[in-house]
Amino acid sequence: MTALVLTAALCAGTALWMLAVRERALRRGRVLFTGAAGDSVFAWGGSLRERARDRLRPEWLCLAAAGAVAVLGGSVLPLLMGAVAVPLVGRRLRAVAASRDRLARTDAVIVLCGAVAAELRAGKQPGEALLAAGRGSGALGTAEAAVRAAARFGGDVPEALRRAAQEPGAGGLLGAAACWRVSVDGGAGLAAGLEGLEGSLRAERDQRAGLRAELAGARATVLILALLPAGGLLLGTALGADPLWTLLHTPAGLCCLLAGGALEGAGFFWAGRIVRAGEDA
């Protein structure tokens, strides 16, 4: 059994090491062969580098940690649990990254509204103001080309803005589209409408930021409670006991491990759901 655990852990560690070595080799080649010739020689290297970066994700550290626990406990069970945890942790990390991108796009929409209003106050026409303020702002996302084309060639800018508002975090562009439509149809001031929209979006963002700050303590509590079992194992090992052997090699320990893992997962899920409900409210 020990040989099997060592072999499995060695295979997992070797795979991670090979991915890291390939990434370093590609980076070193890019540094050595910079310039036009380097760009032509390493045109294929970018795709390989991106592929290695996609494969060498942080969630694979779960497998490495599980391999270390498997070696210490003399059982292949932690390695299997680590393999199951990899997609779950990856999904959570991707959700966090998506939330970060959504917040960044919301900030970009606020900046865009203020910049367009400033350009209008400076005397530019609406299309010119949108072209000047929206260049590389990140607020328009994948629809930036369509919005810029509509503003440059006299197209339906409100419709283009509504399509851009479908991007996560860009819902404020719906208000910009409404202001644009009202200013075109009714002759109302577009700059005043965008300034009011900017203030409203900024107040909503600050309110959400304050709520997240208030929930930071609850999130920290959830994290501490999730790490308590690992602390108990370390404490038992420090006192001279062998909790890993008891959990992984005795029937009572396996039952405790399964029951504790199920309760830990249920508690973590429920606490996270409470925190998310507070954020949504």
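Author: Buried means under 20% relative accessible area, exposed means over 50%, and partly exposed lies in between (1.4 Å probe, protein chains only). Take G278 as a test case. G278 counts as partly exposed because its relative accessibility is 25%. G278 lies in helix α12; helices (H or I, at least four residues) are DSSP runs numbered from the N terminus. Beyond its neighbours within four places in sequence, G278 is in contact (heavy atoms within 4.5 Å) with L211 and L215. L215 is 63 residues away from G278 along the chain, yet their C-alpha atoms are 7.8 Å apart.

The model is predicted: local features need pLDDT of at least 70, side-chain atom pairs count only at pLDDT 80 or more, and totals for chains, interfaces and linings use all residues. Residues are numbered from 1 along each chain as its sequence is written, and side-chain values use heavy atoms, with hydrogens and water left out.

The protein's mean is 77, and 78% of its residues reach 70 or more. Helix α8 (residues 157-164) has the highest confidence, at 89. Helix α2 (residues 36-41) has the lowest, at a mean of 40. Residues 1-9 have 12 contacts beyond four places in sequence. Residues 29-46 have 10 such contacts.

Setting aside neighbours within four places in sequence, L194 is in contact with C113, V116, A117, L120, A176 and C179.

Just after α6, G136 takes a positive phi of about 70°.

In a cavity, a 1.4 Å probe fits but cannot get out; a pocket is an open set of points with protein on both sides within 12 Å along at least five of seven lines; the grid is 1 Å, over protein atoms alone, and lining residues have an atom within 4 Å of a point. The structure holds one cavity of 30 Å³ or more. The largest cavity has a volume of about 60 Å³. L112, C113, V116, L130, L161, L173, A176, W180 and L194 line that cavity. Helices α5 (77-121) and α9 (172-186) each supply at least two of its lining residues. The lining has nine nonpolar residues, no polar and no charged.

The largest pocket holds about 2300 Å³ of space. Its lining has 45 residues, and A85, V89, A226, E264 and F268 lie nearest its centre. Helices α4 (61-73), α5, α10, α11 (243-249) and α12 (251-280) each give two or more residues to this lining. The largest share, 13 residues, comes from α12. By type, the pocket lining has 33 nonpolar, six polar and six charged residues.

How values were computed:
pLDDT = per-residue confidence, 0-100. Points joined across faces, edges and corners; volume = space filled by probe spheres on them. Nonpolar A, V, L, I, M, F, W, Y, C, P; charged D, E, K, R; others polar.
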